[in-house]
Amino acid sequence: MDFVEKNKANEYDYKEVSISPQAKEYVSQELITAYTQIKNHEFTKGCGKEECSWCNFITKNAPLKLTFSEDDE
């Protein structure tokens, strides 16, 4: 893994990370599941609690759906 920001010595750090076959398979399956859900427009609506950071993010950042009456068209 190469870091994209330089350290205090003005150099890029490099760390080697071992990934087990089980971890690779798990992440691969998660990616497949997420991609399938995105293609199917299956998004989490959240829990609806006022203090929930995810629900607040979705509520404040989701695109608005506009509806028009016949007079507006």
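A residue counts as buried when its relative accessible area is under 20%. By that criterion, strand β1 (residues 2-6) is hardly covered, since the count of buried residues among its 5 residues is 0. The structure is a predicted model. Across the 73 residues of the protein chain, buried residues make up 3%.

**Overall architecture**

- The protein chain contains 2 helices and 2 strands.
- Read from the N terminus, its elements follow the order β-β-α-α.

- Strands β1 and β2 pair in the antiparallel sense, over 2 bridges.
- Asp2 has Tyr14 of β2 as its bridge partner.
- The hairpin formed by β1 and β2 has 5 residues between the strands, and Asn10 takes a positive phi near 60 degrees there.

**Tyr12 in strand β2**

- Tyr12 is placed in strand β2.
- Tyr12 is classed as exposed because its relative accessible area is 51%, where the cut-off for that class is over 50%.
- Apart from neighbours within four places in sequence, Tyr12 is in contact with Phe3, Val4, Glu5 and Lys6.
- Between Tyr12 and Asp2 the C-alpha to C-alpha distance is 7.1 Å, although the two are 10 residues apart in sequence.

**Nonpolar surface patch**

- Met1, Phe3, Val17 and Ile19 make a nonpolar surface patch of about 410 Å².
- One of these residues, Val17, is found in the loop between β2 (12-14) and α1 (21-39).

**Residues with positive phi in the loops**

- Asn10 is not a glycine, yet its phi is positive, at about 60 degrees.
- The position of Asn10 is in the loop between β1 and β2, and the residue is exposed, with a relative accessible area of 54%.
- His41, also a residue other than glycine, has a positive phi near 60 degrees.
- His41 is located in the loop between α1 and α2 (53-61).
- With a relative accessible area of 62%, His41 is exposed.

Notes: Residues are numbered from 1 along each chain as its sequence is written. This is a predicted model: local features need pLDDT of at least 70, side-chain atom pairs count only at pLDDT 80 or more; totals for chains, interfaces and linings use all residues. Side-chain values use heavy atoms; hydrogens and water are left out. Patches are made of residues with over 30% relative accessible area and no salt bridge: like charges are joined within 9 Å, nonpolar side chains (Val, Leu, Ile, Met, Phe, Trp, Tyr) within 5 Å. Accessible areas come from the Shrake-Rupley method with a 1.4 Å probe; for residues, only the protein chains shown count as cover. A salt bridge is a side-chain nitrogen of Lys or Arg within 4 Å of a carboxyl oxygen of Asp or Glu. Helices (H or I, at least four residues) and strands (E, at least two) are DSSP runs, numbered from the N terminus. Buried means under 20% relative accessible area, exposed over 50%, partly exposed in between (1.4 Å probe, protein chains only). Two strands pair if DSSP finds at least two bridges between them. Contact means heavy atoms within 4.5 Å.
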